[in-house]
Amino acid sequence: MTIQHLQGLIAAPFTPMDENGQLNVSLIPSYYQFLKSNKVTGAFICGSTGEGVSLTNAEKKEVAQAWADCTRGDNDFKVMMFLGGTSVADCKDLALFSKQIGLYAISFTAPFYFKPANVEVLASICAEIAAVAPDMPFYYYHIPVLTGVGFAMYDLLQAIDGKIPNFAGVKYTHEDFMDFLSCIHFQNGKYDMLWGRDENMLSALVLGTKGAVGSTFNYAAPLYYDMIAAFEQNDLKKAQLLQQQSIDMIRLLGKYGGIATGKAYLKLVGVDCGEFRLPVKNMSAAQFESFKQDVAAVGFDNFKSKAAH
């Protein structure tokens, strides 16, 4: 398989829920158009931001089908399906389904309850799942802050190289820049390394990343495209200031309880995906009013994603 190196911003979409916490997939076509209108080049669905670990396999299939239906024929928009991590059998089932409905790629992260003993075991799991859909690009999703599995990805690439024909690369959500750069240079840049930490994307641009997957691209894509443009024009001062704006925005995620704050941001740009499921905590109505004031103070209106026309 020829490995395509993806470029631009790939959003990690939130999974739309109704007021009862049930799926609201009817929102997905307009969500897709919203992302497209803000020059987002793909969607990494059912991942951390998409509450994949809080969805049943049947629900993941429903979400995947909705994204497949509305993006079919759009070769410029890549939909990548996160399979999960703890059940290899479930991951295989979702991989096969993703292939059948025509999604672009599949992704898998390390099991985080029974953890792999070493990188060779992790490589074996990847090989077993990737073999189910041999004509689909397969990405490993490296997010040790949530999985507790922190093997160097350079070691994983060494373990899988030449053994998994459809291994495309790594969604890299970690801060080890030494490891990341080594992966970019591995086998003369063979694998696609997608950056996954929005708050230090400028540092990844310096190392040569061309594609990134992130939650804040849902609602602040213009900020990051401005930062990329400033970097490419060698205006590092402007790029640094834009990265700082990103950091100021992301700090509010922590202030208001974490990942669920992203849905509040999305609501402010006109896409209401409801709330997160337990065990994630959502902000109260009073907190939302305070949040809106803090959002205004960081200049969100100046760089937020715009509604589709």
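Select Pro 13, Phe 14, Thr 15, Pro 16, Ile 45, Cys 46, Gly 50, Val 63 and Trp 67: these residues line the largest cavity. On a 1 Å grid over the protein atoms alone, a cavity is a set of points where a 1.4 Å probe fits but cannot get out, a pocket is an open set with protein on both sides within 12 Å along at least five of seven lines, and lining residues have an atom within 4 Å of a point. The volume of the largest cavity is about 30 Å³. The structure holds 1 cavity of 30 Å³ or more. A volume is the space filled by probe spheres set on the grid points, which are joined across faces, edges and corners. Colour the lining by class: 7 nonpolar, 2 polar and no charged residues. Here Ala, Val, Leu, Ile, Met, Phe, Trp, Tyr, Cys and Pro count as nonpolar, Asp, Glu, Lys and Arg as charged, and the others, Gly among them, as polar.

Before moving on, note that this is a predicted model, in which local features need pLDDT of at least 70, side-chain atom pairs count only at pLDDT 80 or more, and totals for chains, interfaces and linings use all residues. Residues are numbered from 1 along each chain as its sequence is written, and side-chain values use heavy atoms, with hydrogens and water left out.

**Stop: Glu 51**

Pick Glu 51, in the loop between β2 (42-45) and α2. Helices (H or I, at least four residues) and strands (E, at least two) are DSSP runs, numbered from the N terminus. The phi of Glu 51 is near 60°, a positive value in a residue other than glycine. Most residues other than glycine have a negative phi, and most peptide bonds are trans.

Show helix α2 (residues 57-71) with helix α3 (residues 88-101). Axes are lines fitted to C-alpha atoms, for helices over the stretch in contact, and angles run from 0 to 180 degrees between N-to-C directions. Angles under 35 degrees count as roughly parallel, over 145 as roughly antiparallel, 65 to 115 as roughly perpendicular and the rest as oblique.

From α2, Asn 57, Lys 60, Lys 61, Ala 64, Gln 65 and Ala 68 make the contact with Asp 90, Asp 93, Leu 94, Phe 97 and Ile 101 of α3. Contact means heavy atoms within 4.5 Å. The residues split into 5 nonpolar, 2 polar and 4 charged.

**Stop: the largest pocket**

Centre on Ser 48, Thr 49, Ile 143, Leu 146 and Ile 259, which lie nearest the centre of the largest pocket among its 37 lining residues. The volume of this pocket is about 830 Å³. Highlight α5 (144-147), β8 (211-214) and α10 (236-255), each of which supplies at least two residues of the lining. The lining has 17 nonpolar, 15 polar and 5 charged residues.

**Stop: α10 and α11**

Follow α10 to α11. Their axes are 8 Å apart, at an angle of about 125°. That makes α10 oblique to α11. Select Met 249, Leu 252 and Leu 253 in α10, which meet Thr 261, Gly 262 and Tyr 265 in α11. This contact has 4 nonpolar, 2 polar and no charged residues.

**Stop: α11 and α12**

The crossing is right-handed. On α11, Thr 261, Ala 264, Tyr 265, Lys 267 and Leu 268 make the contact; on α12, Phe 288, Phe 291, Lys 292 and Val 295 do. By class they are 6 nonpolar, 1 polar and 2 charged.

**Stop: the second largest pocket**

Select Lys 267, Asp 272, Gly 274, Glu 275 and Asn 282, which lie nearest the centre of the second largest pocket, lined by 20 residues. Its volume is about 350 Å³. α11 (261-268) and α12 (285-297) each supply at least two lining residues. The largest share, 4 residues, comes from α11. The lining has 8 nonpolar, 5 polar and 7 charged residues.

**Last stop: Pro 279**

Finish in the loop between α11 and α12, at Pro 279. The peptide bond from Leu 278 to Pro 279 is cis, with omega near 15°.

Key. A crossing is left-handed if the near helix is turned anticlockwise from the far one by less than a right angle, and right-handed if clockwise.
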